[in-house]
Amino acid sequence: MTMTSSWTAVCAAADIPEFSGAAALVDGQQVAVFHAGEGWYALSNWDPCSGAAVLSRGIVGDARGEPVVASPVYKERFSLRSGQCLDADEVSVPVYPVRVRDGVIEVGSP
Amino acid sequence: MPTVVVAGHGMVAHRFVEALRAADAAGEWQVVVFGEESRPAYDRVALTSYVDSWDPAALALPGSDYAGDDAVELRLGEVVVSVDREAKTVTTAAGHVQPYDSLVLATGSRPFVPPVPGRDLPGVFVYRTIEDLDAIRAAAERQGRGRRAAMVIGGGLLGLEAAKALRDMGLSPHVVEMAPRLMPLQVDDGGGGLLRRLIANLDVTVHTGTSTDAIEADGSRLLAKLGNGTELDVDLVVFSAGVRPRDDLARESGLDVGERGGVLVDATCRTSDSAVYAIGECAAVEGRVYGIVAPGYAMAEVVAAQLTGTTASFPEPDTATKLKLMGVDVASFGDAHAATEGALEVAVNDAVAGTYKKLVVTDDGRTLLGGVLVGDAAEYNTLRALVGRPLPADPGALLAPAGGGAAVGVDALPDEAQVCSCNGVSKGALTRAITEDGCDSVGKLKACTRAGTSCGSCVPMLAKLLNACGVEQSKALCEHFTQSRAELFEIIRATRMTTFSEVVSRYGTGTGCAVCKPAVASILATLGNGHILGGEQAPLQDTNDRFLANMQRNGSYSVVPRIPGGEITPEKLMVIAQVAQDFGLYTKITGGQRIDLFGATVDQLPEIWRRLVDAGFESGHAYGKSLRTVKSCVGSTWCRYGVQDSVGLAIDLELRYRGLRSPHKIKAGVSGCARECAEARGKDFGVIATEHGWNLYVGGNGGATPRHAELLVSDVDTETLVRTIDRFLMFYVRTADRLQRTAPWIEELDGGLDHLRAVIVDDSLGICEDLDAAMAKHVEGYTDEWRGVLEDPDKLARFSSFVNAPGTPDPSISFREEREQKIPVLLGVPEVRR
């Protein structure tokens, strides 16, 4: 479905419990991988609102059904699907493709 | 630019300046205020509470220094001594001559001291200013050992206030009143009789129906001879036999004065000179002087309105009074003495319950004229507002004990009824603010109308009015739960659910969010569900709780080991220093008497904890919505002034409540004497040592809106103290809103501090046993959260920088040096959001 040429295996799916995230290094970039119950998502780990690489440590939940992570610094919410910030229209973060193969999570190039 | 000069800076003068500046946004008037005292206007009505803290700031009136307002010049310590009405100038004691276009006399009253021989002796005081109280305190402390005694001359409102202050200073007060009963102006014989009995139970000796004939010096003490032959051997004497208007300036400048004193003014508060006004206690409005603040405020508003081009005149004053004297409610309103022709009295004197209630009604029994309430004044606000209006029920039914009686609801009030008498705000004005101006909370109503901003007794009615107007004050936690935090607490407690997924699927919607997840996690933790990172709990926690450290702005964390009471050995200090050095951590002493180590990355945290835990430290919960520290002064073990071991108690309390998860952080303090070096009254709960035990204060905080804690119980022993704090904390944890600290929680309790005291001291809800058991369970179940991680490989595994490259340091975290320590380098400068 995605047109990514290279995938990087980051960890076993079992390493990230439901409704939580983990940071991974993918081609030198910090990526936040999330397990949102219904599926897996990956965003840039860098929180543009605080300037800290921390999104993987945010609380995962939903806003009116949209899966979101809330930054642990100032609590802005980001859509896990689109990377759009729900609390500031002009802010968004890059989204990475992610898939699970044989119980292993793989992250692609954005 | 015209100038208005204000002579005097008390509460009424301050209200005048505020009202004028509010109405005169363009700054047409230049305002010059001369205040006799060295400090700006303060809350003299609350003067007695100064004894609780000895902190003048606790009485401060907001904005009374007019900082930043160029239109107001406040000259303190400068008293106006003469007025030249011809030249339109005033002259101060320092010889400064100030021209005016309008002059407002707000010189207040002076205490009345009857011509009793010996009234000039050292050790004889009046009761009016902060300085008076400071002088009384100095005298009280100068005396020798043993229980000291004091005499108060005057058993009116002020005299009983003075007696309370003296009692709080540790003296045994005698109150001497000429009239046959206490508070003769406000209450009748029935109410006075009950009041006397209730006051006598509080270690105050009452002498009524007798004069004071002489005061004589007797060594370092005073001997007072009463008209009835009694001789009182006391350490000091306080006159509080009423006040007299300070009208000297008016007399000397040829202005008319009232027959019984006071600057004579008409209903617009104008004197016999159209350029001069008088307001407050120095004014005699159409001949009548008012000794309470509410009519004074009305006068201030009247003059401010006229100076800004609107007409206004002094409204029918409300002289209703409600106060709490040493825990005894006393209220009177309207025609309390049934002076109206044909007036009938309906009274219920319940000696067992300790309450006396009287309503004065018209001869047909249908219209309320006034009343007296002693012992329980809960219905004061509604009854007062009903004066002059038809009663909603038979007077007898209205006085029946709670539950059986016909309650007077806010619906029964007509629109013109004053809900806030301090600020003259009617029910109609409040209703309009709610329905037309969109005020949908008590806070907004206060800001918009000023109702409830002075004495606060009408605040519960504001909430009821909001409800009556159909404004639902939503307590829903977030979009996933319609319940409030308190409701969720009870649900989880009753159902014994242990996971968020169960709670949200049964009682909420969706998958939760950053609001409800930590709230439920906190409730689960309070109810004792093991380690906060155990089971499914870890993903619910805010990052601080999840990593058991405090996230800083660059994504690194700070680590705070517990140092109970701030007491630490040199050996432990060296361990902290060594850990900080080895991990390159920035170190800072916190406000809570401990040491914060900054700049740790996620993967370093367990290594740091291991070093600390091995040396006997544990988590200080600096990251949690939980008990932070119990700050202490050095106490009686070292301090020359300490009367109890404050450090020992602080350590015991900190160890008792450590790890207790709560709606917000909890801070505490213990001071070893009334000097209060631990700043306990700025804490959620603060303990101050007395010679007889401990005083417990609750509901204080620093932060954006500082609040002083208020006295909950006094002179209790340690066991009672701890039991009371147990219940206070557990009741707070169960019923407060998310992120609601103790001060707003108490403020929003229906009945406030009195209700809190009823619940946790008198067990009015019958829940104390349950609260005690819950706290006992907490104390027994406590374990160190850091150790819990170190001993569990699964939990430890979550403390890595990168899931696919554990051990690789986070490249986004870097530091530079400042003042010989490292500080974070920020990647890009974030706009700090709130």
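Two residues are taken to be in contact when heavy atoms of theirs lie within 4.5 Å. In this predicted model, that rule brings 36 residues of chain A together with 36 residues of chain B. The size of an interface is often given as the accessible area lost when the parts come together. Between chain A and chain B, about 2,800 Å² is buried, and carbon and sulfur atoms give 55% of this area.

On the side of chain A that touches chain B, the elements giving two or more residues are strands E1 (7-12), E2 (20-26), E6 (52-53) and E7 (59-63) of chain A. The largest share comes from E2(A), which supplies 6 residues. By residue type, this side of chain A divides into 21 nonpolar, 9 charged and 6 polar residues.

B:Ser662 sits in the loop that runs between helix H19 (646-657) and strand E34 (666-671) of chain B. With a relative accessible area of 1%, B:Ser662 is buried. Its side chain reaches the backbone oxygen of B:His664 at 2.6 Å. Leaving aside residues up to four places away in sequence, B:Ser662 touches B:Arg485, B:Ser522, B:Thr526, B:Lys625, B:Ser626, B:Tyr732 and B:Val733.

Methods
Residues are numbered from 1 along each chain as its sequence is written. Chains are lettered from A and ligands numbered from 1 in the order in which they are written. This is a predicted model: local features need pLDDT of at least 70, side-chain atom pairs count only at pLDDT 80 or more; totals for chains, interfaces and linings use all residues. Side-chain values use heavy atoms; hydrogens and water are left out. Buried area is the accessible area (1.4 Å probe) that two parts lose on being put together, summed over both. Helices (H or I, at least four residues) and strands (E, at least two) are DSSP runs, numbered from the N terminus. Ala, Val, Leu, Ile, Met, Phe, Trp, Tyr, Cys and Pro count as nonpolar, Asp, Glu, Lys and Arg as charged, and the others, Gly among them, as polar. Buried means under 20% relative accessible area, exposed over 50%, partly exposed in between (1.4 Å probe, protein chains only). A polar contact is a pair of N or O atoms within 3.5 Å; within protein, one must be able to donate a hydrogen and the other to accept it, and residues adjacent in sequence count only if both atoms are side-chain atoms.
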